[in-house]
Each structure stands twice: as structure tokens, then as C-alpha cells.
Amino acid sequence: MTLSRALVVILLVMNLTSIHAQQHGSLLEEITVVAQRRVENLQDVPIAISALSESAIERADIHDLTDIATRVPSLTYSPFSPGQNIIALRGVSSNDDGAGTDNSVAIFVDEVYLGRVSNINPEMFDIERVEVLRGPQGTLYGKNTIGGAINIVSTKPDTEQFSAKLRANFGNYERTDFAGLLTGPLAENLAGKFSFSYRNRDGWVDNVVLDKKQKDDDVQAYRGQLLYTGESTEVMFTADYNRLDVEDMARIPQTQIVGALGPIVDQYRALCGTRGPKCSTNPSDGFAKRDAWGVSLHVTHDFGVGEVKSITAYRENEVDWEMDSVGVSIPLTDDILDKTDQFTQEIRWSGNTDTLNYVIGFWYLNEQTNRFEMFDILADKNISGTDRYRQINETDSYAGFSQVDWLLTEGITLTVGGRYTYEKKEIVNNAVAGDFVVINQTFANTREETWTSFIPKISLTWQPREAMTIYGTITKGFKSGGFPAAPTTIVDTEPLAQEEALNYEIGLKSDLLDNVRLNTAFFYTEYEDLQIQSFGPRLGCIEDPTTPQIECFGVFQTFNASDAEAKGVELELTWVPVENLTLSGFYSYLDSEFTDTNVPGSVFEGQTGNDLIRAPRNKYSINAEYMLPLNGRGELTANISYRYTDDQRGELEPYAIQPSFDLFDARLAWNSPNDTLEVAVWGKNLFDEEYVTHLYTIAGEVISVFGDPQMYGVSLTYRYQ
């Protein structure tokens, strides 16, 4: 699928639909966000933000970050497994999944932080809006947001009347989805809501060795809320539960350059031929199971001169997954058990005067993670000769933050903010060197370290007229240090230095002629001490073919990659050229590189001048939506979407390149006159693109995980109000 082909389709739709449309000055939809901890029009917020509404999420059949990433500038999502999710924004990401490290991009659900790498991809159901804030966001967020923040906002209980919604999806590969919610007043000043989501689908990969299907889908999610609204006080209690249980991710070998694993590509092709990623040869079974639940209490009180908000939350997350790592006759398995308990408390005071808006806050996190990982060439957890390690980490993080918006004169606002963070981690390591090669020393120790940082921000905003915002911002970002996963020897348990970023950005947000919206951001970011994990062969493996295979397999290394930089531009456009027709899309250009980076002992030690990992240079999308009234018989709505992501580095090896890909989706829906019933037919990846969502290296060879093939089906939605 090429861009020119997508443009032809979209132009054809425009020409056909314009027959039924009349030119007029259409007004653009107003989008509200809470990116600055208060409700604002997105066009007035001097931050690079992309927002997906509830209707956009449902139309696109979005269930997790996989589909969001292709719809947002400079954002990538790369799942090694459901228990190891890697998010990158503007070239910065974290791929160490150990108990003692954090993410570069922070995820918040209803303002509650999701800390672990195994729990940062929640089920997207009952969602009012998803906001993606690009670049460091330290002065209004208590936790690490060096790359950016993703706010997932659920719908609130309806305080006015009872309403309900039920949705069913049926598709190929025996897909069956059900979701719904009930909401309404329960008593005076008290409202409630219960929502659920259930997804089930057969696997689309045929494992010809195990004679079974892989890459299936089995997810359940539930959320209950109680909302009390008094004269000056609002109290919201939320409880949620998520469960996932799926088969192996079906790894596909891509190269046999080093040879330490043997002719793995030839072995794969001997069994699968040219069938591509719909065929796998994993010799051992695998699975991923995740159970996550949490409760939170939001209390807001208006004192007249200001408002105080308290957010208290507790979460538990447990992941058990076992994956075949190579994809052919070598039964190399990686087995992980990861359990995390997390408590967070945030208190904010906000207010305003004629010339000032201000927020002052305090944030606290206690996170306890118990992680066990085992490596072996046999799929048997009971074998004593396996390499294995356990990390038990406890993190205490404290932060005080404040931001003030000062109206200097009509249309010109100065924003000044800052956050001070103190973070302490204590980790217990216990490693056993078995018969494998990943852990080289049996040892046990305890490490403790603290990190502190002050993060300032200054921004100047000019609004020359209504619906136009021009801003310039200088801000820092911070991610605390930590302790590496899979320490090979006791020396490798030394703490990592903290990451820091300095971001310069100018942006424009404008609504033009009442029917054109153009948002643009130009940025330049300098990174210091990025934390990078690599798993690769040692020196001599490629240059000298006589090097023992045991030396070529590789070891985990997590290190501070010294300095890096990223610069780019992001454009988002919405255009309503004729009545009922909306065209939208984005383009992002990202130029990133390591400026002073060496990987000690690696075959590819020198990384200076190379692109950052998971940093595609070009990304863009084109979307069209047309609504056709049916003269009192409801309306038809047609949606088409084309999305392109450039190739990108997946690992430090120069040949470990994740290829570019493009996706094309379409949907046609009929809504009844009173919007009670909707019937839709839809298709995703309609041209059956074979595309890689994640790749990694073992013994210098590239192994890939592929995204979903062509999917299609019908959905039914019933609304009662």
C-alpha cells in the first residue's frame, strides 16, 4: 500500500460525497483536555498535545496503545510481549524491564500513574478521551515524564438521568467482543456507573510444529464508579479490574548473520515456506497472563478562593509469561513472574485571579516489585541448571511541583513552573548462574541509592486573536536512575545515573476560516545519560568465525548512553471543506542521534552519530469522514484511514531495522434517527500488510514479532437514554 494509492482513494471519496454536500462555513469541534490539571480548550494549551475522543476511539476500534501509536505524531509502541511494553516519544524510550527501572513515557488513567512496564497498556474501554502530551511534562506531573505523558480519561457517572450502552463486535478469526455500561443517579447527590469489556479471538498464526494457533486474544476488563456531588465537594470512588490470557507471540527469525544459533532462517523456511508471519515454528508453547486491579479516591473541594484535590490510589499488577525466544528448533525460553504493589497520593491546590492561574502540588509513590526471570534452552521450569535471577525493589518517590500562568498584558501570558523530586530505591538481587550463558556469576546482594532533581519550565504564550495560540517553551525533563535487569555479575548491579533532558519548543495552534485547524510544533531536545539496554554478542563474534558460540550468544547490558539529541516538527491538520465532510491527518519528522555513545565490550561498540532506537524519521496519517443524512431515516457515516510509519532501529546492531509499514482501515456505519442503534461494517489493515511491531536480537540474529493481518467484521451498538 503506497501513499499515492491512499490519496487516490481519499480523493475519490471526496468527489463522490461532494455531490451530496453544499459549501458552507463549518465550525470545528471544540476539544477539551485536562493536560494542565484543569479543563481547557485544547487550542488554548501551549503544549504539543494530540487528543482522541470517545467517538474516534470507538470508530477506529482502538483497544490498546498499539492502534493509538500509529495515530499520534512521534509516538511508537513496541510490545516484546504483553508483559513487556515499550513506548517511545520523540525518540526516547526505556527497554529495560527489570524491577529497578522506570519508563520514559508516563501513563495515567484518571490521573493515577501506571508504573510498571508490564502494566502500561490498559484496556481502552469506557474512555472519554486519550491525551498524548509530547515532550517533558515535569512541572505538573509528579512522576517521570522525560519523553511525555499519556492521559487516559474514563467517562464519569451520569448525574442527570439513567443511560445504558451495549456494543457487540463479530469478526474473522472467530472474534467476539462485548462491551457496555450502565450509569445514572442512585440517590440525591449520588450517581454510579458500571462498565465492562470482553474480547475473544482465535489466533491467526498457525504453529506447524505444535499444531496449534498462536497470537489469539482473550481480555476482560471491568470498572465501577460512585460519584458524590455536593454544593462545593465532589467525591469519586473507582474500582477496576483487567485480565489478559493469550498464547505465544509467535516469534519469526529474520537473519542468520552471526551463525551462533545455526541456520535459523533456513529452518523456518523449510517448515513454513513462503507463508510469512501467519506461520510459526516455535518448538515450545508459550503464554502471557496478566491480572491487574486497583482502587482510587478523588476528592475535590472548592473553597471559593481556590480548589484542593486529593487523589489516593492503590494498584496491584501480576504478570506471568513464558515465551519461546528464537522461533525455530532451539527451545530457548524466557520465563518471567512479575508482581507489583503500588500506592500513590497526590494533593493539588489550584486557583486563579484576574491575571493569574496557579497550581501547587505534592506527589508520593511507594512501589514494591518482585520480579523473577529464568532463561533456559529447555521449556521446563523445574530444571536446576537454568540461569535465573530475582529482583525485589522498593521505590519511594516524593515530588513538589508548581506552575503559574501570569497574564502580562492582553493576549500575552508568561508561564513559570518547577518540580523538585527526591527518589529512593532499594533492591535485593539474587542471581544463579546455571548451564546457560546469560548469568555468569551466582551472587546475592542489596543495593540502595537516591536521586534528586529540580525541573524548571518557562513558557511565553501569545494569542493575537481568538482561536490562535503561539508559544515558545524551554523545559527540563527527569527520569530517576535505577538498577539494571538480568545482572550478569555482581558488578552489573551498580546503580544507573538519572536521565535528564532539556527541551526547546515553539508551536502554533490555529483555527482558520472556521473550517481549518492547523497545529504545529518545532522542537529540539538534548538528552543526558539515556538508559539503554542491549542484548548482543561480544567482540570478535562476527569478525572471527572461530570465536566459540558461547561467547557469541550475548549478555544483557543496561548502561547510561551518555548524550543524544532529537529535533523535529509535528503538524496536525483538520479541514471541513464541505458540509458533513471532515479531512484530518498529521505529519511528523524526527531527526535523532546518539552524540557520544559507546557500548563497552559489544561488537557494535561505537554508536555515536547513529539514530536513536524506535525513532522513525517520518510518520503521517490521512483520514476522511463523511456523514450522509437519510431524510429522517438516520444517517450513514463513512470513515477511511491511512497511516504510515517509517523504518526505525529496533536494536543497536546496524542491520536490526524495523521496516516501514502502512495501514489502511475503513468503516461504514448507519445510525438510527434518534441515535439509539448503530450498525457498522469495518475493516482493519485491509490490504493485509505484513508489518513488524517489535524486533530484537539474540546471538546477533534478528527475531521479529508481527502485527495483526487483515481484520474485518460487523459491530452493533445500542444506546438507551
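The exercises below work through contacts, strand pairing and side-chain pairs in one predicted model.

Residues are numbered from 1 along each chain as its sequence is written. In this predicted model local features need pLDDT of at least 70 and side-chain atom pairs count only at pLDDT 80 or more, while totals for chains, interfaces and linings use all residues, and side-chain values use heavy atoms, with hydrogens and water left out.

**Exercise 1. The nonpolar cores**

Task: State how many residues the largest nonpolar core has, and which residues have the most contacts inside it.

Solution:
- Step 1. A nonpolar core is a set of buried Ala, Val, Leu, Ile, Met, Phe, Trp, Tyr and Cys residues joined through side-chain atoms within 4.5 Å. Buried means under 20% relative accessible area, exposed over 50%, and partly exposed in between (1.4 Å probe, protein chains only).
- Step 2. The largest such core has 50 residues, and Val438, Phe553 and Ile698 have the most contacts inside it.
- Step 3. Two or more residues each come from strand E17 (233–247), helix H4 (264–272), strand E21 (307–324), strand E40 (692–698) and strand E41 (701–706). Helices (H or I, at least four residues) and strands (E, at least two) are DSSP runs, numbered from the N terminus.
- Step 4. Leaving aside residues up to four places away in sequence, Phe553 touches Leu261, Leu332, Phe436, Val437, Val438, Phe535, Ile698 and Ala699. Contact here means heavy atoms within 4.5 Å.
- Step 5. A second, separate core of 23 residues includes Leu89, Met124, Ile127 and Val130.

**Exercise 2. A sheet and one of its prolines**

Task: Give the strand order of the open sheet of three strands, then describe the surroundings of proline 253.

Solution:
- Step 1. The order is E18-E41-E40, with antiparallel pairing. Two strands pair if DSSP finds at least two bridges between them.
- Step 2. Strand E18 (252–253) and E40 are the edge strands, each pairing on one side only.
- Step 3. E18 and E41 run antiparallel and are joined by two bridges.
- Step 4. Proline 253 lies in strand E18 and stands opposite isoleucine 703 in E41.
- Step 5. Proline 253 has a relative accessible area of 4%, so it is buried.
- Step 6. Among the residues that proline 253 touches are Ile264, Val265, Tyr268, Val326, Val702 and Ile703.

**Exercise 3. Salt bridges**

Task: Find how many salt bridges the whole structure holds, and compare the burial of the residues in three of them.

Solution:
- Step 1. A salt bridge is a side-chain nitrogen of Lys or Arg within 4 Å of a carboxyl oxygen of Asp or Glu. A search of the whole structure finds 52.
- Step 2. In the bridge between aspartate 97 and arginine 371, the closest N and O atoms are 2.5 Å apart. Aspartate 97 is in the loop between strand E6 (92–93) and strand E7 (105–109), arginine 371 is in strand E23 (residues 356–376), and the two are 274 residues apart. Both aspartate 97 and arginine 371 are buried.
- Step 3. Aspartate 177 and arginine 175 meet in a salt bridge of 2.5 Å, N to O, and both are buried. These two belong to a network of salt bridges that also links Asp61, Asp67 and Lys684.
- Step 4. Lysine 339 bridges to glutamate 316 with the closest N and O atoms 3.9 Å apart. Lysine 339 lies in strand E22 (residues 333–352) and glutamate 316 in strand E21, so the pair ties together parts 23 residues apart in sequence.
- Step 5. Lysine 339 is partly exposed at 33% relative accessibility, and glutamate 316 is partly exposed with a relative accessible area of 22%.

**Exercise 4. Positive phi**

Task: Locate aspartate 529 and alanine 699, and decide whether each is buried or partly exposed.

Solution:
- Step 1. Aspartate 529 is not a glycine, yet has a positive phi of about 60°. Its place is the loop between strand E29 (516–528) and strand E30 (531–536).
- Step 2. At 28% relative accessibility, aspartate 529 is partly exposed.
- Step 3. Alanine 699, also not a glycine, has a positive phi of about 55° and lies in the loop between E40 and E41.
- Step 4. At 0% relative accessibility, alanine 699 is buried.
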